Each structure stands twice: as C-alpha cells, then as structure tokens.
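Welcome! Here is a short tour of how the chains of this model meet one another, with a look at some pairings along the way.

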Amino acid sequence: MDIFLQQILNGLVLGSIYALIALGYTMVYGIMGLINFAHGEVVMFGAMVTISIIGMLTGMGLSLPGPVVVLLALMLAIPVCMLMGFAIERIAYRPLRNAPRLAPLITAIGLSIVLQNVAILIWGRNYIPFPPLLPHDPINVLGASITDLQVFIVISAIAIMAGLLFMVEKTKLGRAMRATSQNPAVAGLMGVNVNTIISATFVLGAGLGAVAGVMVAANYDQAHSHMGFLIGLKAFTAAVLGGIGNLGGAVVGGILLGVIESLGAGYIGDLTGGFLGSHYQDIFAFAVLILVLVFRPSGLLGERVAERA
Amino acid sequence: MADALLKIEGIHKRFGGLHALNDVGLTINRGEIYGLIGPNGAGKTTLFNVLTGLYQPDEGKFTFNGQDLFRQKPHVVVKAGIARTFQNIRLFGEMTALENVMVGRHVRTKAGALGAILRDRATMAEEKAIRDRARELLNYVGIGNVANERARNLSYGHQRRLEIARALATDPTLLALDEPAAGMNPRETEDLQALMEKVRSSGVTLLLIEHDVKLMMTLCDRIAVLDYGKKIAEGVPQEVKSNPRVIEAYLGAAHA
Amino acid sequence: MPQNQSKRMLAFALSGIVLAVLPFIVGSTLGNSWVRTLDFALLYIMLALGLNIVVGFAGLLDLGYIAFYAVGAYTFALLNSPHLSIFMPWWFILPLGAILAAFFGIMLGTPVLRLRGDYLAIVTLGFGEIIRIFMNNLNAPVNITNGPQGINMIKPIEVAGFSLGKPVELFGTTYNSVYIYYYLFLLLAVLTVIICHRLQHSRIGRAWVALREDDVAANAMGLNIRNIKLLAFAMGATFGGVAGGLFASFQGFVSPESFGLMESIMVLAMVVLGGMGNISGVILGAVLLTVTPELLRDIIGPLQMKAFGRMIVDPENARMLMFGLALIVVMLVRPEGLWPSKRRKAEFHDALDDGIPAADSQAADGLKG
C-alpha cells in the first residue's frame, strides 16, 4: 500500500511540473494551431541558466539563505527564457505564418538543435549538479515519504497555474488572447494587436517553462543539455491528453500523466511478470500519447482536433 | 415505365442538436435529370453528402442500382456508380487537368505498386488506356486544349468543367452536381446546360443541386424541395412550382 | 525531341562513368575513409528516397522513420551474427528485414490513419522512440538485443563464397571492402531511384499526390484513402528495412544509438532540404547532408588546432550547430527546398503569396507543352 501511495505522490510532483510545461504548448497551440517544438529547450535553459546564476551568486560570497539564492537566480533566469520564447516565435514561426505547416515545424526542429548545441557549448555534455541549497527533509505521509521541497514544488505549481487561469479569464490581456485563439482575423479587426498577443503567449509560456525547468533540476538534483527533448515530449503528451488548446486540460493531463508514469514504472515489473522493468518508464508517455490520439484525439477536456490538424 | 435507380427512405441525419435531415425519402429514376432545391440551410448539401457517402446517415435505407449503400464509405459509393462534384470546387490544384481526370480513372483500374515498378505489358496498356480516356473526357467537356495546365491555373468555368470530367472518369451511372452553375454568367450557364443534356443523353442519370430555380425548372425532369430538413414536395417542375407549401417555404424564407 | 533524347543518353552515360570511377579518384586523393563516406551517402539516398515516398509523395509527415531502418538492421544483425549463433544467408534476411519493416510500417500506419500534420509527426516520433527503448532494454531477462552494447561481428554479405567484407586484390593493388560495398550500394541506390521514379509516374503515384492535395476530394473520387496511406507507409518502410540490413552488414555492428530521433530528423532534413517530392532534390539533400558534416569534421578540428593551438569548439558540436542553422536558414529562404519539383515549388509559393497565382509556373508549363 505504501508503495502505491509513494508512486502517487511521486506522480503528483512530476505531474505538476509536466502541467506547467504543458501550459506552454497548449497556449501556443490554442493561439496559432502549431506545436512549438523548441519549447523543451526553453525548459532546459531555465534549469541551466538558474544553476549558473546560483554559481555566480554563491561565488560572490553573499550570505543569503539557500532558498533565497535559488529564488533570486530563478527570477533572473525567467527573463532570459522569456527572451528566448520571444526570439523563437520571431525566427521560426512569424516569417512562416502563412507557409504550409511543415515549414515552421522544420525551423522549430532546427532551432531546437541550435539551442541544444549552444547549451553544450556553454555547459558541456555532462550532468550538472543542482547546488544543495534547498532542504530535502522527508515528510512521512501514511508510510510514504515526500520531501518539503516536493511539497513546495506542487504548491507553487498549483499557485502559478491558478494565477495563469485567472489572468486568461479576467484580465484584458487574457481576453485578447482568447479572442485571438477564437479567430485571429476578427480579433485583429476588433483592435487586438495579434502579433503582440502571439509574442506575449510565447513569452508567457517560456516563463512557465523556466520555472518548470528549475523544478525538474531541483527535484532530481541535476540538469543537462539534453534534458529538454524528453521532458518536452512528455509535457506535450500531457497537453494532448488533457485536450490541446485547453488550459484546464493541460493541468489535468499533466498531473494524470505524471501519476500514470509513476504507477507504471512502479508496477510494470509485476504486470509483466518481471519481463519488463522500470527502465521502460519512458514508454508510458508515448503509449498514452498514441492511445489518446488514436482513440480520443480531442483529449479528455478538449475539442476535436484530429480533423483540424 | 419508371425504373428506379436510387432509392432512399426515412433518412435521418443529426448534428448535435440540429436535425439536418428529417425522414427524407426520394427515388431517382434511371435516365432522368433530378433536381434538389430549397431555401438556404434546408439540408440540400447534407443530403447530397449522404448520397455520396461523405456523411453517414443516422437511420434510413439507401439502395442504388440494387446495391445497399447505407453507411458506405465514399470510395464504395463511387465504385457502385455515383460520382460527384463539389460546390466549392475541390480539384487537385497542382496536378494538371489531365492528371486530375486520370485520378478519376483510379476506381476503374487496378495496376498496383508491383505493376508500376515492373512496368509489365498489362500495366503499360492500362496506363495508356487511362491517359487516352482522360484526354477523351477533357475533349468531351470541351477543355482538351488545357490538358497540361495546372488545375489551379484554369479559369473558373474550366475548373467547373474539369470537375465534371473528373467525375465522369469514374464511369458513373449517376452524376451528382453540387451547384454547377454557381458563379457563372448566362453564357456559361447555357453552355453548361448543353453539357448536362449531352451527359444525360449518353445514358448517365443526373442529380443537381442548384440555386438558379429558373434553370432547374427548364432542365430537370423532376424536382424535390427540401425545407428544414424535410421533403415538402416532389414532382415535375410545373407541379412543384404551383405547390402552396413550396411557395410558402420560399416566401416564408424571404419574409424571415 | 530525338536531340533531347540523345542529350539525355549522353548525360546518363557520363554520370555512369563518373559514378563508376568515383571511389578510385576519391580513394586515391582523400583516402579510404572518404570512400566510406560515399558508401554512406548511397545508403542515405536509399533511406531518404524511402521517406520521400511517405512525406514527399503522400504528404504524411513521419518523424519515426528511422525505426524501419532499425528493424532492417536488427533483423540482419540477429540472424547473421554470433550473438544468437544464427547464421542465415543474406539473400534471405535482407528481404526478410524489408518485409518485417513493411509490416511495422503498416502497424504504425493503421492507428494513425486519421491523424494529419503535426499530430502524425508526434505519434510517429513516439513510435520511433518506443522501438529504440525496446532495443535498448530487451537484454534482460532474456537477452535478445544485447541492450545498449548492441550486436557486433555481424557477418558481411557474401556472394558465391566471396565475402564483401574482405579486401580484394586487383592488378596488384589491394582494395578495401568499402570499394566493393560502394558498387553494391550504387546498384541498389540506382534501383531505388528507378523504382521511385516509376512509382511516382503511375496510378499509385497519382493517388498519393491526390491524397496529399485534398484527401476529401480524393476519397470522393473513389480512392480508398486507407489503403493508399498504408501502401505509402509500407513502401517507405521497405526501403528503410533494406537500407538497415545493408547498414548492419556493412558496419558489422549495430546498437540503439544509431537509431535515435536525431537520425530520423537527419533523414527528414535530407528530404526537405533537398526538395520534397523531387527525386533529384532528395538525392542532392542526402549527398549534401552526408558529405558536408564529414567535410566539417575534417575542417573544423584541424582549423581550430591551427588557429588556437587547441580545440575550442568540439567539432561534433559545431557540426550540429551548423546543421540546425542550415535547417532554419533554408526553410526561411527556400521553404520548397534546394531543388524542388515544379509542382511543390508552386504549392509553397502560393501559400506564401497568399493564393496569388504563380505566373511563372504557368509560363514554364507553356514552354514544356
């Protein structure tokens, strides 16, 4: 029983991170109908830049408490990633807005390769440890354990997502975003600056990605230049699972995928009589992705997209 | 004397809450030109799409030439002998006019990948037959001179004709035309009318949707009128014209 | 016309001679490693032409294509190496690998029939990764694939007791096996070109283009969309399977590392950069993307050593950077590829010009007709 609970808790932590990243995919998809293939690399940069800034801050000999240093670094890393998000849209998507769908897909893949290799140039190919500045004290929950860092990750992810939903529903920017996603041409006629809104969407998504990147790094105590691809793909799966283009769906899909993955990894050995082990963990995301797209392409909460895509 | 070619009974089609077709039944006889009219949103195009397999009806019966076509896929419907054109012209834009018509021959030919690779005698003969028949059809509809033009570069009138040639390439028993005269000037409409008469006299039955009521009255042997998803009248043009329900539907629509 | 024909014959004859003597020229001036690069270029031509059937002809975006290459390679490796102590003749396992790959193509194709565009890309990508994860992990509890270590000592292709993997002596000079493989690959690449060309100009090829242009209209014209899509997946996969088998026998070694997403992207990039749907363009793309990285490898490293006395940028890193940049720049400047088919070129330009008729393509047609 405690194994089950443990996997659920692990899944929640992982899932809330997926959800944050999935929001980036789903917002861009909602507005432009495109999958931002380079989003995973923004997440990776969020983690790497934060670690580097932490290094600089501690190198300056400031005697600040650990969490404050991490937070400070994150606050500096977020604008860097936002700038990246802005640039990605400007370089890979905007010039090809009326081109066939394949063209922006290829530029986005190209950009992702470039970003990954820039990261290798800066940080090398090895794993970089996340500085041990955050408390990892385990909390016992009915026989399972969760660290206070993980609790903090889940709570802040939920808070950020709530803030985003509030922004999209209640603010002027949010209204303009919703209008643009419904019909960009009409939104433009109504005085919405569509280009600004699209840029804002990429920037916002990149900001969430940066936070998520740091969460991943802090949770696993490490980061590396190749981490963007897999985590991006999984978050995309989460977005599809929830119903791409739907913000609530991204949150539900993210958390659900995290839990499925954890439970899957925990039980796959028993399920297959020991034939497949936990190193098949990554298969679940792909299997879920394929199953959802084949059987319910609209996702759990979304509109039907297969025909549109 | 009437020989039923296509027969539908009790066809229903719903889109969510909208009851687009409500208990529609009709019979198209072999060799006639059958018209379908009705105010905007009456369900003409929905019925058309049901008859050509693009939409799957919720209930009803659909037989064609002695074959049950209820809920069959478009390619099965085409094979059975129903070919169509589209209201908003859907040609393969980057293929030449000739290639477009050659695609229409697909369903009546059978060369597979192996034949294509080996280029055996039978395949080559079939390929030549496809090409010859396609040229013939382009001449038949009067656009043989633009065979090697890309379809998307053709004039509107030529595109309409190309669509008809492409549909005829499938050797249809019933040719269904969705607003073939839309956007045409009187001169072009006249030419089109002549073409349709020619097609009919070659033994092909025609089903038409058209807004141009005058054209329909002169061209069609029989007409059905749809309103709010229901068939409200059917008969020869004179009957239909004087049917009070039809007049009401059209005037009512105009008043609304 | 006959004048044109004889010109074409002359061009064929000339390129035939050039291709026949190419490895000797390259080998004697640049060394055997460059002959090896030529071999790979031919292998990638086969792969890229296979993917071109799926992406270029039928318009189905496949990001997991390398999985079929892997199926072909592993089939060959497992059935002709000491790993399972099974040694079957190449003429049996090469076609077997192709058939298995085609089978996987249909397995992938069936569930994704309804998907289009980006979605298809993502699902095929997932499929490719699943295959790779299995190759990586099927070494326990029963060792089938030998996991990340891969399978080595795969036997080379043998013809009439003569192994292509051994050097041969000809007129007193010893030639490395890369020379013999060159001719085998050349033969198969030419065969692939012919097959693709014939498919393109056939009833099937027309059906693929119709599907790409408007699947609803294609279906309404009596085309069985399902079968046509599956045929495209299966045909494309077959070429991947054959190329994979050849790769295994040529390398003598396979491991999951050779079949990652990056390889899929590389092959897709060959198709797209070269010019989707155009056989000559795809060949150009395959050659460019095989040869350029090797050139860069030969240049970037030594250049840095000379300039700075040490390696500043890892050549592999710099190579990938340039590759990524090239993808972006080519797509922005020439979204239709370097050598597009006339048809595709028009498609792309129309989309960019927002539907203004392409006057030049009409003129070109007029001249041709």
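## Ground rules

Two chains are in contact here when heavy atoms lie within 4.5 Å. By that rule, the contact between chain B and chain C takes 38 residues from chain B and 38 residues from chain C.

This is a predicted model, in which local features need pLDDT of at least 70 and side-chain atom pairs count only at pLDDT 80 or more, while totals for chains, interfaces and linings use all residues. Residues are numbered from 1 along each chain as its sequence is written, chains are lettered from A and ligands numbered from 1 in the order in which they are written, and side-chain values use heavy atoms, with hydrogens and water left out.

## Who touches whom

Of the 2 pairs of chains in contact, chains A and C share the most contacts. Chain A and chain B are joined by no contact, and their closest C-alpha atoms lie 14 Å apart.

## Chain A against chain C

On this interface, 51 residues of chain A are in contact with 46 residues of chain C. The two chains bury about 4,400 Å² between them, 77% of it on carbon and sulfur atoms; buried area is the accessible area (1.4 Å probe) that two parts lose on being put together, summed over both.

Which elements of chain A give two or more residues to the side that touches chain C? They are helix H4 (102–123), helix H9 (227–242) and helix H11 (281–295) of chain A, where helices are DSSP runs of H or I with at least four residues and strands are runs of E with at least two, numbered from the N terminus. The largest share, 14 residues, comes from H4(A). By class, this side of chain A has 40 nonpolar, 6 polar and 5 charged residues. Ala, Val, Leu, Ile, Met, Phe, Trp, Tyr, Cys and Pro count as nonpolar, Asp, Glu, Lys and Arg as charged, and the others, Gly among them, as polar.

## Chain B against chain C

Between chain B and chain C the buried area is about 3,300 Å², of which carbon and sulfur atoms give 56%. The count here is 2 salt bridges. C:Asp214 forms a salt bridge with B:Arg90, with the closest N and O atoms 2.8 Å apart. The rule also finds 9 residue pairs in polar contact across the interface of chain B and chain C, both residues at pLDDT 80 or more.

Among the elements that give two or more residues to the side of chain B that touches chain C are helix H2 (74–80) and helix H5 (121–140) of chain B. That side of chain B divides into 16 nonpolar, 10 polar and 12 charged residues.

## Annotated spans

In an unreviewed entry, UniProt lists "transmembrane region" for several spans of chain A, including residues 12–35 and 105–124; such annotations use the numbering given here, have shortened feature names and may be inferred rather than shown by experiment. Residues 12–35 of chain A are 88% helix and 0% strand, with end C-alpha atoms 25 Å apart. Residues 105–124 of chain A are 95% helix and 0% strand, and their end C-alpha atoms are 27 Å apart.

For chain C, the UniProt annotation (unreviewed entry) covers spans including residues 41–61 and 230–253. Residues 230–253 of chain C are 92% helix and 4% strand, their end C-alpha atoms lying 31 Å apart.

The structure holds 25 salt bridges over all chains. One of them joins the side chains of B:Arg30 and B:Asp3 (3.0 Å, N to O). B:Arg30 lies in the loop between strand E2 (18–29) and strand E3 (33–37) of chain B and B:Asp3 in the segment before strand E1 (4–15) of chain B, so the pair ties together parts that are 27 residues apart in sequence.

Key. Salt bridge = Lys/Arg side-chain N within 4 Å of Asp/Glu carboxyl O. Polar contact = N/O pair within 3.5 Å; in protein donor to acceptor, adjacent residues only side chain to side chain.
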